[in-house]
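Hi,

Here is the structure I promised to pass on.

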Amino acid sequence: MSGRWSRVGFYLLLAAVLFVALFPFWWMLDTSLKQPIDIFGGATLYPHHPTWDNYSRLFNTYHFAAYLENSIIIVIFSVTVSLVLGTLAAFSLTRFNLRFGLNNSALVVALVVRMIPGILLVIPLYIMLAQWGLLNTRLGLILIYTGLNTSFVIWMMQSFLAEIPRDIEEAAMVDGDSRLTALWRVVLPLAAPGLAATAIFTVIATYNDFLIALSLTSTTDAQTVPVGVSTLIGKIQIEYGPMAAAGVIGALPILIFALLVQRHFVRGLTLGAVK
Amino acid sequence: MTQVSAPTKRARARRGRIPGGPYLLLLPAAVAMAGVSIYPLFYGVRASITHYLYGREFGRNGLTNYRNVFHDQFFWEAMRTTAEYVICAVTIETLLGLGLALLVSREFRFGGPIRVGLILPMTIAPVVVGVMWRLLYDSGIGVTDTIWGWFGAAPPNVLAHNTSAFIAVVVVDVWEWTPLIFLILLAGLQSLPQEPLEAARVDGAGRVRLFFDHTLPMLTPVLLVAITLRTIDAIGTFDQIYVLTQGGPGTSTRLISIYAYNTAFLDSQYGQAAAMLLSLLAMVTILMVAAVRMLRKSAA
């Protein structure tokens, strides 16, 4: 009896929490599908006269395709390169006895680097990119995100690689593999879940970043989605419909990504946060 | 890290020789990291002792920037706002995150999808979070008008008043980042050893006693990690504020990151901004070290 009631209470409480967590998403989607007159016509929980207008304005008037293209290119390149660099470094740190206590100190450095607040780096990065003529370019952002992600990838991947017994790759090397082909053929497949978790966290962090992209870009040549979203706000008259649509488009890639990798998603975020 | 003794390790390393040695594997990553974080950090230190006029360098000026920062009442005001913001947000997030983690730590039906739903707020861009809450808060289009209306109150226009705007941005932070603390504590709870809990349960300890005498002490290290991470991140909060209030009304939500950003990019006072942020970094580091020491002592 009491068990049943406590179960009912448990699910009610969960439902309330889920409602709080998810209602803002729904409200944004709702607003993005409303006509201006309905947006200002009092709170309605679904669009009474749904329209795609806000979305077509977003892409036709506000160049959202350009922001999406920039974001996707920047995320793909910087995540891929940092995964390669970071994994190689982590492999070296876990498999070799390095001099100068590098095995440990490199990890500490990677952690400290991750802790430096972005706002502190932005000013020097701005001046540096200006000197190299890389302000407002995709390449500039790719270079910076690659570097910032690398410290994180090293930190994550060394903990995964350390768990994989060396005997396995040494067996492969007896069979004629070199150290690097053994890494590619034998070790990486075993570390795939860890690699996936690392990639998930890195993709989200890169796609969502705002401060760096805001400070180092100025036109649709290189501005990313979060910057594009922010350009719709702060005007004298806010256009709520396109702004809501921009929010939906901005959130969508990550939500789709979350659905695609659902199994690894929670794990990736957890490890990313803890390690 | 590894328990292999040195000679065998060296022998193994010899067998799998990579031309140029393992250092070569480390090099690209080291260059990438140094290029975007370590070098800029030094550059920032240099900028903090440089005099800038209209965005151009005009030689070194020693500690003048730091002196200016310390005599700047707006700096201290922003520091105070940041401290209040961080303390309010992180405290609430910790309590809610802990409660939530305890609530769903055991397996139950639909547990997987429900957990994903609970953490969705922390996965989307903070800028988008800002947009979402703009749509909820703004007068005339949001839901706050409606909710206040139920109680017969006038439309509040939440973001236009000092106190309510401050509360509003704290609420947004809590909504977005409670999931992070929840996630870390959930992982912590699920990896706790079950034997001591079972033993205490057999001895007849009630749920509350069980929590305070056993679960909480075992969970403390994870809890500290979560609080530390969240505190560091919260101090740097920028995106949502930029979208929601831009630091206003007045200076009521102007956190240190917003103030530093304005100093650097609106006023072109790079040196002053760098001095400001390095002072902040120093203070936060001292505070963190002190906090960790204190907690270690009280735990011992």
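Let me start with one helix in chain A: H10(A) is mostly covered, with 13 of its 17 residues buried. Bear in mind that all of this comes from a predicted model. H10(A) runs over residues 192-208. From its first C-alpha to its last, this helix reaches 24 Å, close to the 24 Å expected at 1.5 Å a residue.

Next, the domains of chain A. The assignment gives domain 1 as 2-47 and domain 2 as 55-274, so H10(A) sits within the bounds of domain 2 of chain A. Taken over C-alpha atoms, the centres of domain 1 and domain 2 of chain A are 32 Å apart. Where they touch, seven residues of domain 1 of chain A are in contact with six residues of domain 2 of chain A. On the domain 1 side, helix H1 (2-32) and helix H2 (36-39) of chain A are the elements that give two or more residues. H1(A) gives the most, with four residues. By class, that side of domain 1 of chain A has four nonpolar, two polar and one charged residues.

Now for chain B, beginning with the overall picture. Chain B has 13 helices and two strands. Its C-alpha atoms fill a box of roughly 70 × 65 × 35 Å along the principal axes. Buried residues make up 36% of the 300 residues in chain B. If you look at the contacts in chain B with a separation of 6 or more, 67% of them are between residues 24 or more positions apart.

Chain B also comes with two assigned domains: domain 1 (22-65) and domain 2 (68-299). Between their centres, again over C-alpha atoms, there are 30 Å. Here 11 residues of domain 1 of chain B are in contact with 10 residues of domain 2 of chain B. Which elements supply at least two residues each to the domain 1 side of chain B? They are helix H2 (23-48), strand S1 (50-53) and helix H3 (64-70) of chain B. H2(B) gives the most to this side, with four residues. The residues on that side of domain 1 of chain B divide into four nonpolar, seven polar and no charged.

That's what I have for now.

Cheers

Conventions
Residues are numbered from 1 along each chain as its sequence is written. Chains are lettered from A and ligands numbered from 1 in the order in which they are written. This is a predicted model: local features need pLDDT of at least 70, side-chain atom pairs count only at pLDDT 80 or more; totals for chains, interfaces and linings use all residues. A residue is buried if 20 or more other C-beta atoms lie within 10 Å of its own, exposed if 12 or fewer, and partly exposed in between; C-beta atoms are placed from the backbone. Two residues are in contact if their C-beta atoms, placed from the backbone, lie within 7 Å. Ala, Val, Leu, Ile, Met, Phe, Trp, Tyr, Cys and Pro count as nonpolar, Asp, Glu, Lys and Arg as charged, and the others, Gly among them, as polar. The expected span of a helix is 1.5 Å times one less than its number of residues.
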